[in-house]
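Please look over the sequence and the predicted model shown here. The briefing after them is arranged by topic.

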Amino acid sequence: SRCHGPDAKIIDRRKNLTTFNKRHPHTSNEVFFTTVMHGRPAKGMPPMGRALTQSKLWKIKTFLNTVQKP
């Protein structure tokens, strides 16, 4: 929540995760998993793979699914 805000929507469009599934309609789980595990260092996203268990990782994705804009 530090980078994306507690409700996953921050003014910076690139960090607003409420449109994540819309931007990745057929690959949202894969893109989420890869991005969180390996990060996107060039864009300021550190890899979080060592900090999260698989269970916590998918709980975060489940939360993100609940805040998606239609």
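The protein has three helices and zero strands, and its elements run α-α-α from the N terminus on. Of its 70 residues, 23% count as buried. Among contacts in the protein with a separation of 6 or more, 44% are between residues 24 or more positions apart.

**How α2 and α3 pack**

- Two packed helices are described by the angle between their axes and by the distance between those axes.
- Helix α2 spans residues 28–38 and helix α3 spans residues 54–66.
- The two pack at an angle of about 130 degrees, and their axes are 11 Å apart.
- The crossing in which α2 passes α3 is right-handed.

**What meets at the contact**

- On the side of α2, the residues in the contact are S28, N29, F32, F33, V36 and M37.
- On the side of α3, they are Q54, L57, W58, I60, K61 and L64.
- By type, the residues of this contact divide into eight nonpolar, three polar and one charged.

**The buried face of α2**

- Which residues of α2 are buried? They are S28, F32, T35 and V36.
- Viewed down the axis of α2, these buried residues fall within an arc of 95 degrees, so they line one face of the helix.
- The cover over the buried residues of α2 includes α1 (20–23) and α3.
- After α2 comes G39, which has a positive phi, near 75 degrees.

- F33 is located in helix α2.
- Is F33 buried, partly exposed or exposed? Its relative accessibility is 28%, and F33 counts as partly exposed, because buried means under 20% and exposed means over 50%.
- Leaving aside neighbours within four places in sequence, F33 is in contact with Q54, L57 and W58.
- One of these, L57, is 24 residues from F33 along the chain, and the C-alpha atoms of F33 and L57 are separated by 7.8 Å.

**A51, a residue in the loop**

- Where is A51 placed? A51 lies in the loop between α2 and α3.
- A51 has a relative accessible area of 57%, over the 50% cut-off, and therefore it is exposed.
- A51 and V36 are 15 residues apart in sequence, and their C-alpha atoms are 10.0 Å apart in space.
- V36 is one of the buried residues of α2, whereas A51 is exposed.

Conventions. Residues numbered from 1 in each chain as written. Predicted model: local features only at pLDDT ≥ 70, side-chain atom pairs only at ≥ 80, totals over all residues. Heavy atoms only, no water. Axes fitted to C-alpha atoms, helices over the stretch in contact; angles between N-to-C directions. Helix = DSSP H or I, 4+ residues; strand = E, 2+ residues; numbered from the N terminus. Left-handed = near helix turned anticlockwise from the far one by under 90°. Contact = heavy atoms within 4.5 Å. Nonpolar A, V, L, I, M, F, W, Y, C, P; charged D, E, K, R; others polar. Buried < 20%, exposed > 50% of the residue type's maximum accessible area, 1.4 Å probe, protein only. Arc of directions from axis to C-beta.
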